[in-house]
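Work through the following exercises with the sequence and the structure side by side, and try each task before reading its solution.

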Amino acid sequence: MLLKIEKETHAQMHTLEAIMASLIMVAIIVYTVQATSLTPLTSSTANAHIEAQLQTMGQDMLNALSYSAYGHDPDLKTDILNWDGKQYVWNGTAYSTIKSPIYELQSSSLARTLEFIAVKRGIAHNVYFSWMDEEGVTASRRYIYNGDPSNNAVVISKRVQLSNGDVGNVTDFETRTGIPDADNSTDFYNIVNVKMALWRM
Amino acid sequence: MKKIDDSAQLLLIAGFAVGVGIVVITVMLSNVIYASNMASESSIDTSRYDIANAIQTTTEAYQDAYIYSNGTYGDYEDYIGSYSMKASQNYATAGFTFHLQNHKYSQPYFTGNGLAGGKGNWTLVSNVNTTEMFYITPNTSIMGNESNPLIIEAVSHSGSSLWLMRMYNTSGTINITVIVSSSTPSYRNVTAVTPMEINVTGNQINGNNVPSFNYPLSASQDYSINIYNGNTTAGMCTISGNLTPDQPFTLMRHYVANPTLRMSSGQMSINRTVPILLPGGIA
């Protein structure tokens, strides 16, 4: 009788031990999975998928805007030529200047594309125009600015070649935008690098 | 006492087993996450976009150089030189070296890319609604014979022929045949001179009036203009009009340049020869 009670105690101990062990294992697994979970703002190698998605999305946008059929200027080039040199911000309904909120960005294919694709998906975005002067010094100005990008931001760029014929009045264009004529001796004007930064809000 | 020792040993071994299991699971999970990130990061390589972008800007630069040089080769070369230097500086900041060579241009063939080895049977333009101007200037000394004539055909969406022009050189005589739909062919025989400018829409050859070519300036339906045996004949071509929906177009094929573009970075190096038609499509 005494032997039987002792065996039952051992069996209970083993059962308890097994339960405890499985609890510990489950707890560790849960802890490990939680520790490496992905969030849109996780800044680590773990959010590379999201960065790759943004990169592809941005490239597609700029590629579409760079396309031109049968010799018409691409929309991206037209946007640069139409730029008034001002900085615009998304105010919830339109891109407007900070100093004068009623002054909205007009006839910009890039802004329209960003509004349809980036704004609706909650993707923050900045657009910069950068160029080099005759001496090779780089300069950059903001076209659309919605704040400092996060650590997860991706930058997509597209270069656009401008000639004097595209620009028209060279002096007026340089005064307006700050983009200089890189070579006064030829009809080549400059190369503008359109940089777009995208990041999750 | 001995039985208590056995239980303690069992608990100890069970503890070790649990510990080893946790380590194994953690390492496996870590490897899975690492491997998936490696795969996705490979798609972030953007060099292919840079190369495509360089080809596009180079094409535009050559076409602009030709347009603004007004036929002066020195101005054309200066433009390309300025573009090449600025592009090199721009790509240097992105970690690429950029180099352009062979700026010369030559007379194009009636092929897709303008080179002798290009595609001979191809579509010059699609969805044409109206044609305002159509000039063909074949080089009569580089022209196909009767068995390989240059054929230019306007074809409807349904595939039926609206208009066809066939031309070839027979011992110094240029034979031109025009067929409108299924009507009887009309013929012109012209002594070979170079340049020989055929104004298809204005019904003239070298400025002299000729019987109508009956080109469908405004057909009742949209059509494409196809070229066949383009690799047998060299020459220039200019066409303008309107596409559907109401989009003006102009295509000009005066010359073809075939520059080689070289880009290199720490990871890759690429040489790409890009046929560029001058002045190309202009607005």
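Two residues are in contact if their C-beta atoms, placed from the backbone, lie within 7 Å. Helices (DSSP runs of H or I, at least four residues) and strands (runs of E, at least two) are numbered from the N terminus. The model is predicted, and for that reason local features need pLDDT of at least 70 and side-chain atom pairs count only at pLDDT 80 or more, while totals for chains, interfaces and linings use all residues. Residues are numbered from 1 along each chain as its sequence is written, and chains are lettered from A and ligands numbered from 1 in the order in which they are written.

**Exercise 1. Helix against helix in chain B**

Task: Find which residues of α2(B) meet which residues of α3(B), and describe how the two helices cross.

Solution. Begin with the residues: Thr57(B), Ala61(B), Tyr62(B), Ala65(B), Tyr66(B), Tyr68(B) and Ser69(B) on α2(B) meet Asp75(B), Tyr76(B), Tyr79(B), Ile80(B), Tyr83(B) and Ala87(B) on α3(B). Sorted by class, these residues are 10 nonpolar, two polar and one charged, where Ala, Val, Leu, Ile, Met, Phe, Trp, Tyr, Cys and Pro count as nonpolar, Asp, Glu, Lys and Arg as charged, and the others, Gly among them, as polar.

Next take the axes, which are lines fitted to C-alpha atoms, for helices over the stretch in contact, with angles from 0 to 180 degrees between N-to-C directions. The axes of α2(B) and α3(B) come within 8 Å and cross at roughly 150°. That makes α2(B) roughly antiparallel to α3(B), since angles under 35 degrees count as roughly parallel, over 145 as roughly antiparallel, 65 to 115 as roughly perpendicular and the rest as oblique. Finally, the crossing of α2(B) and α3(B) is right-handed; a crossing is called left-handed if the near helix is turned anticlockwise from the far one by less than a right angle, and right-handed if clockwise.

**Exercise 2. A helix pair in chain A**

Task: Describe the crossing of α2(A) and α4(A), and list the residues that meet there.

Solution. The axes of α2(A), residues 48-66, and α4(A) come within 11 Å and cross at roughly 145°, and the crossing is right-handed. From α2(A), Met57(A), Met61(A) and Leu65(A) meet Ser109(A), Leu110(A), Thr113(A) and Ile117(A) of α4(A). By class, this contact has five nonpolar, two polar and no charged residues.

To place the pair in its chain, note that chain A has six helices and six strands, and that its elements run α-α-α-β-β-α-β-β-β-α-α-β from the N terminus on.

**Exercise 3. Where the two chains touch**

Task: State how many residues of chain B are in contact with chain A, and which element of chain B gives the largest share.

Solution. The contact joins 39 residues of chain B to 41 residues of chain A. On the side of chain B, the elements that give two or more residues are α1 (2-41), α2 (47-69), α3 (73-93), β13 (247-257) and β16 (276-281). The largest share, 13 residues, comes from α1(B). By class, the residues on this side of chain B are 18 nonpolar, 16 polar and five charged.

For one residue in detail, turn to Ser82(B), which is in helix α3 of chain B. Leaving aside its neighbours within four places in sequence, Ser82(B) is in contact with Ala182(A), Asp183(A), Thr186(A) and Phe188(A). Ser82(B) is buried, because 22 other C-beta atoms lie within 10 Å, and a residue is buried with 20 or more such atoms, exposed with 12 or fewer, and partly exposed in between, the C-beta atoms being placed from the backbone.

**Exercise 4. Backbone exceptions**

Task: Locate two cis peptide bonds in chain B and two residues, other than glycine, with a positive phi.

Solution. Most residues other than glycine have a negative phi, and most peptide bonds are trans. The bond from Thr244(B) to Pro245(B) is cis, with omega near 5°, and Pro245(B) lies in the loop between β12 (235-243) and β13 of chain B. The bond from Leu278(B) to Pro279(B) is also cis, with omega near -5°, and Pro279(B) is found in strand β16 of chain B.

For phi, Ser107(A) has a positive value of about 50° and lies in the loop between β2 (95-97) and α4 (109-117) of chain A. Ser107(A) counts as exposed, because it has 9 C-beta neighbours inside 10 Å. Asn229(B) has a phi near 55° and lies in the loop between β11 (223-228) and β12 of chain B; with 18 other C-beta atoms within 10 Å, Asn229(B) is partly exposed.
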